[in-house]
Amino acid sequence: MDKAVPKKVVVGCQGGGAHAAFEVGILTEILTDIEQRKRFELIGISGTSAGALCALMVWYGLAPKRGRPGSPREAIDKLNSFWDDFAAKTPAEIALNAAAYTAIRAEEQEVPVLGLNVPVFGLNPAGLLIRAMTAGLPPLGVRKEYYDFDTMVAAACPDFDNVDWGAVKTRVLLGASEVIDGAETVFDSNCNRSVAHEPRVTHRWRKRLPLTLSSLAASGSLPTLRKAERIGGDYFWDGLYSQNPPVREFVAGTKDVPDEVWIIRINPQQWPELPVTNADIQDRQNELMGNLSLNKELDFILTVNEWCKTYKDEKFGKEHKPITVRTIKMKKDTADKLRYSSKFNRSRKFIDELRDEGKAVAEKWLSGWPHKECYPDDAAY
């Protein structure tokens, strides 16, 4: 590798609730490498749901604001402080997290022989009871930033309206699903910059929209937990149903195309055995939903890579370049033991454990970069 020309890299962060704390550790090490060694340039970052939380915090730390440039160090601090606040902190939050997590775990348990699950709760997130319950949380010592998405994001990004869009160098994509028309949606910072060579809307079933703080809420609105996020005349649910995370938009043009795409995979590609219990089936369904759409986008990149070789002397080959795709994933033992219910565990201990593992994995991964093994082989254990 020519050290005088840093590789242009984009990083995609999968969604997966509290499991995304693993990505915090990975991204911390990636940003540290950029700050200290400058071996590659982070030209883009994307995310869906909790992965969008990570992506936006990194982007926000790197973005210039109020005439002041961002930096990898600011991005590291913003990312980690956000997840420190995301974790249960006050005694009331710790108790609330323990109760909620226990209830979700209880729903995974089934009656022996009969194979029946006993639902513990099933409240409508748009209903009066939920609103009454959340209204009573602050007097108990639960921060509004803990349970209200919009407040959480606004507190983390107070200078969003002062971003110097013309000076932004790192692109961010957040994935969401438009509910009424079923349109795959990406909130793209390039729309805010009015990048001339990129269309705002690709076609009816795919949309590219400007980035706002509401975009993050849209990307993480699980319909069983939070009512749909309204932006303009559209309603959005979690991006897990469409792109997890968005990748296509990074490679669709002929300008600013990355040399490498790194996917932080927190939904394991494989399963240790055939899932037979209802809990295991629910867990595996959620993982497949998060992986299969992603793999289609990555596989198409591989197809284009082959076209670049086949037509290297023709117009297509001269206008396009091969893109290396790589995977960064959890240790197998960790991936095997995590469950759908643990995606809702916001205990500080659990989040710190995943964050520490992410740091350790990334340190080892980066020490050997550029790896010989690439996607799809490196997606497997």
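Student: How much space lies in the second largest pocket?
Tutor: About 390 Å³ lies there. The model is a predicted one, and the volume is computed from its atoms.

Student: Which residues are closest to the centre of that pocket?
Tutor: Ile34, Leu62, Pro72, Lys169 and Thr170 are the closest, out of 18 residues that line the second largest pocket. Two elements, α1 (21-36) and β2, each give two or more residues to the lining. Of the elements, β2 gives the most, with four residues.

Student: What makes a residue part of a lining?
Tutor: A lining residue has an atom within 4 Å of a grid point of the pocket or cavity.

Student: How many cavities of 30 Å³ or more does a search of the whole structure find?
Tutor: The search finds one. The largest cavity has a volume of about 60 Å³. What makes a space a cavity is that a 1.4 Å probe fits but cannot get out, whereas a pocket is an open set of points. Residues lining the largest cavity include His19, Asp283, Met330, Arg339 and Tyr340.

Student: Why is the pair Asp84 and Arg355 called a salt bridge?
Tutor: The definition asks for a side-chain nitrogen of Lys or Arg within 4 Å of a carboxyl oxygen of Asp or Glu. The N to O distance between Asp84 and Arg355 is 2.8 Å, so the pair qualifies by that cut-off.

Student: How close are the N and O atoms of Asp33 and Arg37?
Tutor: The closest N and O atoms are 3.6 Å apart, and the pair forms a salt bridge. Asp33 has 5% relative accessibility, so Asp33 counts as buried.

Student: How many salt bridges does this rule give?
Tutor: The count comes to 29.

Student: What makes Glu184 and Arg206 a salt bridge?
Tutor: Their side chains meet at 3.9 Å, N to O, and the limit is 4 Å, so the pair is counted. Glu184 lies in strand β6 (residues 184-188) and Arg206 in strand β7 (residues 206-210), so the pair ties together parts that are 22 residues apart in sequence. Glu184 is buried at 17%, and Arg206 counts as buried at 19%; the cut-off for both calls is 20%. Glu184 and Arg206 also belong to a network of salt bridges with Arg248, Glu249 and Glu297.

Student: How do you know which faces of β6 are covered?
Tutor: Glu184, Val186 and Asp188 on one side are buried, and so are Thr185 and Phe187 on the other, which leaves both faces covered. Five of the five residues of β6 are buried.

Student: What makes β6 a partner of β5 and of β7?
Tutor: Two strands pair if there are at least two bridges between them. Strand β5 (residues 171-178) and β6 have five bridges in the antiparallel sense, and five bridges also join β6 to β7, in parallel. Leu173 stands opposite Asp188 in β6, while Val186 stands opposite Arg208 in β7. In the hairpin of β5 and β6, five residues lie between the strands, and Gly182 takes a positive phi near 70°.

Student: What share of the residues in the protein is buried?
Tutor: Buried residues make up 51% of the 381 residues. The protein has 14 helices and 11 strands. Among contacts between residues at least 6 apart in sequence, 72% join residues at least 24 apart.

Conventions
Residues numbered from 1 in each chain as written. Predicted model: local features only at pLDDT ≥ 70, side-chain atom pairs only at ≥ 80, totals over all residues. Heavy atoms only, no water. Buried < 20%, exposed > 50% of the residue type's maximum accessible area, 1.4 Å probe, protein only. Contact = heavy atoms within 4.5 Å. 1 Å grid on protein atoms, 1.4 Å probe; cavity = no way out; pocket = protein on both sides within 12 Å on 5 of 7 lines; lining within 4 Å. Points joined across faces, edges and corners; volume = space filled by probe spheres on them.
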